[in-house]
Amino acid sequence: MGKGLALISREDLEGRERRLLCCAACRADQSKGRLRAEQDDPYRTCFQQDRDRILHSKSFRRLANKTQVFLAPEGDHYRTRLTHTLEVAQIAGSIARPLGLNEDLTEAVALGHDLGHTPFGHAGERALRAAQAKVLSVDPAAEGLFSHSEQSVRIVETLERDGRGLNLTAEVVDGILCHNCGPVASTLEGRIVALADRIAYVTHDMDDAKRAGLLKEESLPAAYRDVLGTSSSERIETMVHDAVETSAQAGDILMSDTVGSAMLGMRRFLFENLYLHGEAKREEPKASHLVFELFLHFYAHPDELPPACEGCEDDPLHVRAADHVSSMTDRFAIRCYERINVPKAWSLSGMAVV
C-alpha cells in the first residue's frame, strides 16, 4: 500500500503466532471456538476480538465504581475493581510475553475475570450467598449459590447484549471461570491470570493500606520483605521475574518455593490485618447488610426487577434477583437501598408539609 503502510490480516497474525509462540501456547487458529459460530474478523484474531468485546461491555465499565478493598473510596488514588483488573492484565502480560505464550488470550481473560463481582467486593459476595441461602433454606457453603467467577461467565455468555452474551471463545470463558481458587484453567494463559490476580492484590492492597495510614511498610513481616522487596514495584518485579524463570523451567505456571511462600505469607498477613479486621473493614457490616436486604427485597418484589433479558425469563427468581443486585455499583446500591428504606419528605403542590 502507499505511504509505507502495511495491511496485516488476521491470517498474518495467526501465522506470526505459529512462528513466534512456544509449542505450549494456545494459538488463535487452534481455538475450540465459540458457542455460536461467527464469521472471522479480517484483521483480528479470535482472542483479540474477545478482548475488545469485554473492554467495550457495560459490565466492564461498571467495575470503575465497585470496591476493591476500601468501600466506595473518596480518594482519587485508591484502587477500584477496574484498576485492579487493569493491573492484573499488565502483570499477566509481563509473565506471558517472555514465556512465549499468547498475550491476547491472557489479556482477554484478565480483563474479564472480575466482571461478575458484586458491589462492596467480597463482603457483598458473601452477603449475596447468605441471602440466597436464606430464601432457599440451604447452607451458605452449598454449591450452586452465587460466585463471582461463575457470575462473570453468566455475564459473558448470557446477560450482556440483552441476552445474546459476548459469545467469547471457549478458552477465554474457561480462564475466567477458573481464575479464583477453583479448578485449574485448561490453558497456561488462564493459569497466568490466576497467579497475576494474587500478585496484583497482594501488592496493591498493601499500597492502598499504607496510603490510608492503616499499615506501615515497617509493619510487614521482615522475612517476607527480605524476599519480596520493600516497595510495591520491587515486590511486583520480584514475583513476576520469579514466575517467569520458574515456569520456564517447570513447563507450568509456578513460582519458586522461596518466593511463593513469601507471597502466601504476605497474603495471610493482609487477611489477618486488613481484609478481615482493622479500620478498612469498619463499614463492611453495613455494606453486607445492605446487599443482603436488597436481595431479599427484590426476591420478595420481583415486579421491581428490570425486565429479564431474552432467554432469562424462566430462570429461578433467586438467580434473577442476584443478577440485578450483583450488577450494581457501590453508589447505585446505596441509592437503591435509600430509595427502598429511607422515608422522603412529603409535599403537596411543591410545598413542604411540616
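**Helix packing at a glance**

Helix α9 is mostly tucked away, with 20 of its 24 residues buried. Keep in mind that this is a predicted model.

**Helix α9**
- α9 runs over residues 188-211 and spans 34 Å from its first C-alpha to its last, close to the 34 Å expected at 1.5 Å a residue.
- After α9 comes G213, and its phi is positive, near 80°.

**α2 against α5**
- As for handedness, the α2 and α5 crossing is left-handed.
- On the α2 side, the contact uses F47, Q48, D50, R51, I54 and L55, while α5 brings D104, L105, E107, A108, L111 and G112.
- Sort the residues of that α2 and α5 contact by type and you get 6 nonpolar, 2 polar and 4 charged.

- Buried means under 20% relative accessible area, so V153, at 10% relative accessibility, counts as buried.
- Skip the neighbours within four places in sequence, and V153 is in contact with V173, I176 and L177.
- Take I176 as one of those partners: V153 and I176 are 23 residues apart in sequence, and their C-alpha atoms are 6.8 Å apart in space.

Note on methods
Residues are numbered from 1 along each chain as its sequence is written. This is a predicted model: local features need pLDDT of at least 70, side-chain atom pairs count only at pLDDT 80 or more; totals for chains, interfaces and linings use all residues. Side-chain values use heavy atoms; hydrogens and water are left out. A crossing is left-handed if the near helix is turned anticlockwise from the far one by less than a right angle, and right-handed if clockwise. Helices (H or I, at least four residues) and strands (E, at least two) are DSSP runs, numbered from the N terminus. Contact means heavy atoms within 4.5 Å. Ala, Val, Leu, Ile, Met, Phe, Trp, Tyr, Cys and Pro count as nonpolar, Asp, Glu, Lys and Arg as charged, and the others, Gly among them, as polar. Buried means under 20% relative accessible area, exposed over 50%, partly exposed in between (1.4 Å probe, protein chains only). The expected span of a helix is 1.5 Å times one less than its number of residues.
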